[in-house]
Amino acid sequence: MESLSCLVLKPSPPTRLFFPPRIPQMALPGSTFVFPFSMDYQLPITTAKLALKPIRASTSTVPTTPSTTSTVTSSPTAASTKKVLVPIGFGTEEMEAVILVDVLRRAGAEVTVASVEPQLEVQASGGTKLVADTRISTCSDRVFDLVALPGGMPGSAQLRDCEILKKITSKQAEEKRLYGGISTAPAVTLLPWGLLKRKRTTCHPAFFDRLPTFWAVKSNIQVSGELTTSQGPGTSFLFALALVEQLFGESVAREIGELLFMHSADDKPRKEEFNKVDWAVSHTPRVLVPVANGSEEIEIVTIVDILRRAKVDVVVASIEKSVKILASQGVKIIADKLIGDAAGSIYDLIILPGGVAGTERLQKSRILKKLLKEQDAAGRILGAVCSSPTVLHKHGLLKENKATAHPSSITELSNPVDGPKVVIDGKLITSMGLATVSDFALAIVSKFFGHARARSVAEGLVFEYPRS
């Protein structure tokens, strides 16, 4: 059995964070996605460019799960693979961890997800169960181009108390290689390790007062030399793209941002609603999220995390023979139960995540097809994102309802709406997927509980959301 030098703590209930509204964003000139940087680089901030140092590719071998979808082939990854470590522990924020892994793998990085716990299976702060690629003890002698720490409580404390991770990250900083942290990680993990000295830093607003006053910066993203920090789940895409830019260059970051629909605020409307009906229920809303091998992990985790923050009862059900699924970018997720076991309950809403391979498998599930048809016949709500609205269409459930989908799938719909990130038509809600699923999930919260609840959840995420 492998020896572990991480201090193992008895788990305590994960902590959710709430705080004042986020700061305004700024858009990159000539870019189609929002990139609100605050930087220490010797460049005018209006150029929005990173002054990059060349990163030498590591010669070490880090085992990782290969991606099941394509990456950006125009990147320089064919010549030099960048190696990235993303550690996780009990109470790690799942959106931050999964978005980091997904986006970096899309860019071509070889990402290792390492558990600081004795076991590979880790329960994240919102209840999602993730399975790491390896234990942190196997990473102690490896060289990484980037070490990126997700936040979450008590996840950041678990990372802080891991001596192996402390040594890896401290060596990373000493040797001038890239490292970073998001949300609670800068204040709870990096600060006690002494890795924020003379570095301008941001973090989760609820922990901002822990940072050294002179070096603390209230920005969504802060890049200071080799250190990159960010504020919370709602800035995870920006954090990941900032790291992609430093590893692979601005053009790759821009391409990934566009593929993820990181559009500027004025580019597309947030949502559009037709045939408005009331979704309010007299009980705690129950939501079913069926998943399959190849489902898009960003969409699963973001939807589940946001709905659970709003106190929705969410059940993640695998249509596979096992509760463990391998998502589209190689993230391993453990569902709450099998679809057959979930089928005996009634749900106010069933949401289908996207992912090309996952969507195909969802479509072939007989149990899920029966559930969806019963849901429609009973007049209950259906939801789908990315490519999965095509499942509803092929099962004859879209009818004349207006819907949106991923651009590669929207032409298959009978009454498509091209433009809004989220489309609601009566008791159907659809989304383009990927980075738009935060808006999708918050729209659901708003329909169930009202705008005030949705805005409160958005503030907890550090996600920009309309005041009215």
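Which residue of strand 16 does alanine 317 stand opposite? It is lysine 337; the points below place this pair and other features.

1. Basis. This is a predicted model, in which local features need pLDDT of at least 70 and side-chain atom pairs count only at pLDDT 80 or more, while totals for chains, interfaces and linings use all residues. Residues are numbered from 1 along each chain as its sequence is written, and side-chain values use heavy atoms, with hydrogens and water left out.

2. Strand 13. Strand 13 covers residues 313-318, and five of its six residues are buried. Helices (H or I, at least four residues) and strands (E, at least two) are DSSP runs, numbered from the N terminus. Buried means under 20% relative accessible area, exposed over 50%, and partly exposed in between (1.4 Å probe, protein chains only). Strand 13 pairs with strand 16 (residues 337-338) in the parallel sense over two bridges; two strands pair if DSSP finds at least two bridges between them. Strand 12 (residues 286-291) also runs parallel to strand 13, and six bridges join them.

3. Crossover. Strand 12, helix 7 (residues 297-309) and strand 13 make a right-handed β-α-β unit. Right-handed means that, with the strands pointing away from the viewer, the path from the first strand over the helix to the second runs clockwise.

4. Strand 18. Strand 18 (residues 381-385) is largely enclosed by the rest of the structure, because five of its five residues are buried. Ile381, Gly383 and Val385 lie on one side and Leu382 and Ala384 on the other, and both faces are covered. In a regular strand the side chains alternate between the two faces of the sheet. Strand 18 pairs in the parallel sense with strand 17 (residues 349-352) over four bridges, and with strand 20 (residues 428-431), again parallel, over four bridges. Glycine 383 stands opposite isoleucine 351 and opposite isoleucine 429 in strand 20.

5. Four strands form an open sheet in the order 4-5-15-14, with antiparallel pairing. Strand 4 (121-123) and strand 14 (324-326) are the edge strands, each pairing on one side only. Neighbouring strands of this sheet are turned by 30 degrees against each other on average, direction ignored; axes are lines fitted to C-alpha atoms, for helices over the stretch in contact, and angles run from 0 to 180 degrees between N-to-C directions. Strand 5 (residues 129-131) and strand 15 (residues 332-334) pair over three bridges, with valine 131 set against lysine 332.

6. Backbone points to check. The peptide bond from methionine 153 to proline 154 is cis, with omega near 5 degrees. Proline 154 lies in the loop between strand 7 (146-149) and helix 2 (155-160). Two residues other than glycine have positive phi: lysine 176, near 60 degrees, and phenylalanine 261, about 65 degrees. Lysine 176 is in the loop between helix 3 (163-174) and strand 8 (178-182) and is exposed, with a relative accessible area of 55%. Phenylalanine 261 is in the loop between helix 6 (250-259) and strand 11 (271-274) and is buried, at 9%.

7. Charges over rings. The charged end of arginine 453 sits over the ring of phenylalanine 449, 4.1 Å from its centre. Arginine 200 lies over the face of phenylalanine 214, at 5.6 Å from the ring centre. The criterion is NZ of Lys or CZ of Arg within 6 Å of the ring centre and within 35 degrees of the ring normal.
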